[in-house]
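Look through the model below before reading on. The paragraphs that follow take it one part at a time.

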Amino acid sequence: MRRGPVTSPKNHPMRALSLALILTGTAALAAERGSTESIYDRHVIFDQSEPLACYGPSEASVIAPSTLDIIDGHIPLDAAHATVPPRSLRLTWKAATGGDWKAALFTRSHYGLVDDFDGDTLTMWVLSPASLSEDQAPRIHLLDAGGNGTFAISLLEGADALPAGKWVQLRFPMARFHSIYKSTDESRFNLRHLAAVVLHQGLDDGQPHTLFVDDVQVVPAQLPAQRTPPVPQGLSVQAGERHFDLKWTREPGAQALRYVVYRSTDGGPYEPIGIQQGNLDRYTDFVGAPPRKASYRVSAVSLDGRESPACAAVGGATRAFSDDELLSMVQEGCFRLYWDGAHPNAGMALEVVPGDPNLVALGASGFGIMALLTGAERGFVTRDQAAERLLKIVRFLKTADRFHGAWPHFLDGRTGKVIPYFGPYDDGGDLVETSFMMQGLLTARHYFDRESPAEREIRGTITALWRGVEWDWYRREPSSDFLYWHWSPDHGWYIGHPLVGWNETMIVYLLAIASPTHPVPASLYSSGWAGQSPTAVRYRQGWSGTTIGDHYANGHSFYGIPLDVGEGTGGNLFFTQFSFLGFDPRGLRDRYTNYFSNNRRMALVNRAYCAANPLHYRGYGPDCWGLSAGINSGGGTPQPNSDNGTICCSAALGVFPYTPVESMAALKHFYRDLGDRVWGIYGFHDGFNESQDWFEPVWMGLNQAQIVVMIENYRTGLAWRNFMANPEIRPALDAIGFKADPAAAQTNP
């Protein structure tokens with residue numbers, strides 16, 4: 001049901017992006033919105049990586065009798081040779097007659113980043129252990145986001161042979177690709193929207209060669225005058241159990257391309273260990289089992305390579321953490337996505353980080369508001385700081401585009417205008433995303449209960465926003481048995497979608513029934529969410545591909561675990577999270593189930609499936625589990641459908657209240673065993689795939705809050721307590737028919 005991976009179009013029909021949009025539409029969207037990519041994103045194609053064996057955004061292949069070193073279809077990485085720490089790309093090949101090889105290095109448009117490169121020249125640093133002549137060198141050509149390409153030329157065409165063992169910068173003005181071969185369509189290639197740099201076999205000399213490639217960029221042939229960036233200021237180091245979090249201050253207007261991080265251990269010399277892109281001011285160094293001591297210094301580098309002096313050294317020491325300390329550490333790390341990583345004008349969460357810096361996601365921001373409350377309660381920020389941030393958010397929402405009171409899925413963080421990211425019909429109100437936002441706002445309305453001017457304005461503005469949502473409009477017509485997902489002022493109900501459970505949309509019906517101004521009848525819970533009509537049954541069958549649970553109730557057992565409600569094995573775990581961040585299911589049941597108990601069983605089924613691992617993916621096990629929708633995973637459908645080997649970190653960690661023992665075991669495995677690959681500046685990466693060797697440092701706004709908020713619900717019930725205390729909620733539950741279920745009431749927290 002839920003939109004899954006940004007990189008895959010295989011999910012819910014409303015949420016799916018076509019491959020054509022991913023490859024070509026992003027450029028059009030950039031032109032429409034105006035690009036504000038950072039200096040780093042406007043120039044850098046490759047300069048760093050996680051501590052992996054191969055580079056994920058690449059693709060390599062070979063045809064015998066030629067040879068090429070390949071790891072899982074990707075270009076290998078090398079830690080022993082680099083101009084920019086910590087790793088370079090390594091090409092090791094033999095070009096044989098009748099064979100061929102190819103290695104493509106992709107840019108980052110697949111995460112919503114708009115490839116909007118600024119320059120007319122491709123540059124890269126290369127090193128060959130042995131002298132390499134033009135005839136021996138690979139060939140190179142370029143592809144843009146529209147599928148247009150350049151002619152292939154020798155990597156060393158017009159350059160001298162590479163000397164042995166020396167880094168050399170190669171420069172490729174666009175004219176060089178057309179200097180020999182002419183074509184009537186050569187002008188169609190657009191370097192600004194570069195999508196791939198492709199290296200492939202040159203002449204068949206039959207000899208083994210190795211070439212290291214690093215710091216691949218697009219730059220102007222004549223760079224504007226540069227100055228050495230200022231020294232980074234305010235470096236602080238916070239020690240976790242097995243990592244150090246570094247934070248410094250970026251000088252406004254300093255225009256650093258990147259920062260270089262230096263580390264000293266045991267009083268030894270400072271060695272460069274990695275870099276951070278110039279628009280960020282954090283770095284995470286995972287150092288392994290405690291205790292460890294280290295000191296750090298950070299310098300800034302300009303586009304033309306000028307490096308500032310390093311700042312004064314700051315150090316720290318790691319130590320073993322208790323379980324309670326681990327939980328706080330994980331919450332704080334993931335919370336930073338909504339604090340440091342929020343849009344500077346809107347204060348709201350972005351869809352994907354790194355990604356489009358102005359693509360504000362409404363539902364993710366609603367979840368982020370509940371993470372904000374956790375941050376204030378845990379002391380990650382002060383209560384006044386949290387109130388100030390929320391005030392920025394509600395003021396932005398008050399002036400943003402709304403459609404009969406409902407906000408769209410995506411807003412431009414600069415203007416508050418709708419961004420039709422999923423295509424031209426996605427230009428109106430999204431009732432599901434609006435319900436996720438309103439769940440967070442109502443939780444915050446009760447939490448900020450003091451009589452300061454800021455907290456009074458927060459409560460008043462949220463109440464006005466809440467009263468302005470026309471839930472009854474999204475019934476489509478007065479006699480409808482359903483609420484509908486989407487309405488557009490230009491296209492009407494073209495992508496309406498009836499909201500039929502079981503999935504993530506229960507909260508829509510709860511809030512629509514609870515509305516003080518535009519309510520819908522409580523009977524819609526039974527006719528729509530839990531409906532038994534042919535329309536509801538066909539809808540469930542259509543997305544789930546099964547008749548199990550197609551009448552809402554399930555009644556089957558999986559791995560010896562019974563499910564009362566849910567299609568098939570229950571689907572992805574975000575179904576147990578998105579509607580339950582604020583809505584507390586403990587001690588309550590409707591006519592079908594107690595949802596706390598059902599959610600617990602659904603999580604246990606998910607874990608049991610991963611432990612059984614019927615598709616034989618690498619890494620799956622009783623402590624490495626959790627399938628949900630994310631950057632490289634998704635769909636929501638019952639297992640094994642849409643299981644591609646990706647563990648979504650927010651899945652197991654976002655069901656902590658239901659499975660505290662099993663979730664803690666997963667947390668320790670993710671952090672202690674995989675942390676050097678899956679922990680970063682905003683906590684756990686969105687997910688990882690050991691079979692694909694996919695561990696990219698990318699975070700999704702929808703998912704990090706599941707970790708922050710649900711761990712807190714396990715520990716103190718913070719969001720549950722504040723959402724349920726709103727006076728509109730209990731009468732709505734009574735009208736639906738929820739009853740006390742003391743026999744199944746959970747005591748935790």
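A residue is called buried if its relative accessible area is under 20%, exposed if over 50%, and partly exposed in between, using a 1.4 Å probe and protein chains only. Helices (H or I, at least four residues) and strands (E, at least two) are DSSP runs, numbered from the N terminus. This is a predicted model, in which local features need pLDDT of at least 70 and side-chain atom pairs count only at pLDDT 80 or more, while totals for chains, interfaces and linings use all residues. Residues are numbered from 1 along each chain as its sequence is written, and side-chain values use heavy atoms, with hydrogens and water left out.

Begin with strand 12 (residues 194–200). Seven of its seven residues are buried, so the strand is largely enclosed by the rest of the structure. Two strands count as paired if DSSP finds at least two bridges between them. Strand 12 pairs with strand 7 (residues 100–106) in the antiparallel sense over five bridges, and Ala104 stands opposite Val198 there. Strand 9 (residues 139–144) also pairs with strand 12 in the antiparallel sense, over six bridges; here Leu143 has Ala196 as its bridge partner.

Next comes a loop residue. Ser66 lies between strand 3 (58–63) and strand 4 (67–68) and is buried, with a relative accessible area of 4%. A polar contact is a pair of N or O atoms within 3.5 Å; within protein, one must be able to donate a hydrogen and the other to accept it, and residues adjacent in sequence count only if both atoms are side-chain atoms. The side chain of Ser66 reaches the backbone nitrogen of Asp100 at 3.3 Å.

Another sheet is open and has four strands in the order 17-16-19-20, with antiparallel pairing. Strand 17 (271–277) and strand 20 (314–317) stand at its edges with a single partner strand each, so one side of each has no neighbour in the sheet. Within this sheet, seven bridges join strand 16 (residues 258–264) to strand 19 (residues 293–301), and Tyr259 stands opposite Ala300 in strand 19.

How far apart are the end C-alpha atoms of helix 6 (residues 431–447)? They are 24 Å apart, which agrees with the 24 Å that its 17 residues should span; the expected span is 1.5 Å times one less than the number of residues. Of these 17 residues, 16 are buried, so helix 6 is largely enclosed by the rest of the structure. At its start, a side-chain oxygen of Asp430 reaches to within 3.1 Å of the backbone nitrogen of Val432.
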